[in-house]
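Colleague: I have a model open and want to learn how to read it. Can we go feature by feature?

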Amino acid sequence: MKALILVGGFGTRLRPLTLSVPKPLVDFANKPMILHQQIEALKDVGVTEVVLAINYQPEVMLNFLKDFESKLGIKITCSQETEPMGTAGPLALARDKLDDGSGEPFFVLNSDVISEYPFAELIEFHKSHGGEATIMVTKVDEPSKYGVVVTEEETGKVERFVEKPKVFVGNKINAGIYLLSPSVLDRIELKPTSIEKEVFPRIAADKGLYAMVLPGFWMDIGQPRDYITGLRLYLESLRKRAPARLAAGAHVLGNVLVHETATIGEGCLIGPDVAVGPGCVVEAGVRLSRCTVMRGARVKKHACISGSIVGWHSTVGKWARVENMTILGEDVHVCDEVYSNGGVVLPHKEIKSSILKPEIVM
């Protein structure tokens, strides 16, 4: 089986982190997003080749993923767009790679989405209904903010799509995970096209589109607030699936992931919902909650970080306070006793004075 991951563009919503690496390589819970179970889970259900649809820095992606090809034993190739092709155009571009003549369906995934990836159940459901395409849907509390997928309750057959409904028509939205028969490729022209707005409605009109409700959690982590929420959901799911991977001890509160090469000083309180990456140094008396501290970062004595992201190789000074969705890009240095309230700091900066209200620091 084959899979296409829609990597797409510049990752502007996750800047300043995406100024250093393409978005799929940004760390999430101590692993680059794209490896986050996505490629690993695909391999587990028998996918032998993953195609990355990309229009930004393909060489960076490929160099990085070469190591993982051999480790995971799966072929990873790039299909490069010269212009943005939407969410369906990349399928036409990668047609030769996706349709090998076997008639086997292929997966299409949005690279920003994290979930428990129940691919085996998705394959089973797709084969059982015999339709042309299956999309995964997730239930949300506020469907009016999304495009809603209206389905037949018993069979899961998709009847129609309603964009940002004013009245309640359902609470299931597209989760960005699809299993498609090769015939779907005949419906897509090689031009910028939306799979959600142009291709799926046509398949639904021909009664060939089915939806399966995604069990467990789902989050699009393409922007900082959702990234932090996604971390909470991911760690909750880890607590149920593999609790031994979470940190434990008197200094830990709730669900916390600490890489084995990170060091935590005396008298710290870490958690809930925290990831501390490889090679990080957290000095004595530090308080961390609802945050990510990425590879090689240092948090000095008695600093406090909450609801924020600390980028690679950054430093947070002694008694500093970093909160309210502050995002430090790569190699940012926050000086001792400085306060950041929602500062978004570009890479390689030194912050000597406090950031009192959310702003971008160039």
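**Reading the model**

Modeller: Start with the cysteines: the count of disulfides here is zero, where a disulfide is a pair of cysteine sulfur atoms within 2.5 Å. This is a predicted model: local features need pLDDT of at least 70, side-chain atom pairs count only at pLDDT 80 or more, and totals for chains, interfaces and linings use all residues. Residues are numbered from 1 along each chain as its sequence is written, and side-chain values use heavy atoms, with hydrogens and water left out.

Colleague: Is cysteine 268 buried or exposed?

Modeller: Buried means under 20% relative accessible area, exposed over 50%, and partly exposed in between, with a 1.4 Å probe and protein chains only. Cysteine 268 has 6% relative accessibility, so it counts as buried. Cysteine 78, at 15%, is buried as well.

Colleague: Next, rings. How many aromatic pairs does the structure hold?

Modeller: A pair of aromatic rings is described by the distance of the centres and the angle of the planes. Rings of Phe, Tyr and Trp (its six-membered ring) pair if their centres lie within 6.5 Å; planes under 30 degrees apart count as stacked, over 60 as edge-to-face and the rest as tilted. The structure holds five such pairs. One of them joins phenylalanine 28 and tyrosine 234, edge-to-face, at 5.8 Å between centres and 65° between planes.

Colleague: Where in the chain do phenylalanine 28 and tyrosine 234 sit?

Modeller: Phenylalanine 28 is in strand β2 (residues 27-28) and tyrosine 234 in helix α7 (residues 224-241). They are 206 residues apart, so the pair links distant parts of the chain. Helices (H or I, at least four residues) and strands (E, at least two) are DSSP runs, numbered from the N terminus. Phenylalanine 28 is buried at 0% relative accessible area, and tyrosine 234 is buried at 2%. Phe28, Tyr227 and Tyr234 form one aromatic cluster.

Colleague: Why is the pair of phenylalanine 107 and phenylalanine 119 called tilted?

Modeller: Their planes stand at 50°, with the ring centres 4.9 Å apart, so the pair is tilted. Phenylalanine 107 lies in strand β6 (residues 106-110) and phenylalanine 119 in helix α5 (residues 119-129), so the pair ties together parts that are 12 residues apart in sequence. Phenylalanine 107 is buried at 0%, and phenylalanine 119 is buried at 1%.

Colleague: Now strands. Do β6 and β11 run parallel or antiparallel?

Modeller: Strands of a sheet pair through backbone hydrogen bonds, either parallel or antiparallel. Two strands pair if DSSP finds at least two bridges between them. β6 and β11 run antiparallel, joined by four bridges. Phenylalanine 106 stands opposite leucine 180 in β11. Strand β8 (residues 133-139) also pairs with β11 in the antiparallel sense, over six bridges. There, alanine 133 has leucine 180 as its bridge partner. Strand β11 (residues 172-180) is mostly covered, with nine of its nine residues buried.

Colleague: In which sense do β8 and β12 pair?

Modeller: Parallel, over five bridges. Valine 137 stands opposite valine 213 in β12. Four of the five residues of strand β12 (residues 209-213) are buried, so it is largely enclosed by the rest of the structure.

Colleague: What is the strand order in the open sheet of six strands?

Modeller: The order is β15-β18-β21-β24-β27-β30, with parallel pairing. The edge strands, β15 (263-264) and β30 (350-351), each pair on one side only. β15 pairs with strand β18 (residues 281-282) over two bridges, and isoleucine 264 stands opposite valine 282.

Colleague: Last, the backbone. Which peptide bond is cis?

Modeller: The bond from glycine 271 to proline 272 is cis, with omega near 0°. Proline 272 is in the loop between β16 (269-270) and β17 (274-276).

Colleague: What is the phi of asparagine 30?

Modeller: Near 70°, a positive value in a residue other than glycine. Asparagine 30 is in the loop between β2 and β3 and is buried at 17%. Tryptophan 319 also has a positive phi, about 55°, but counts as exposed at 55% relative accessibility.
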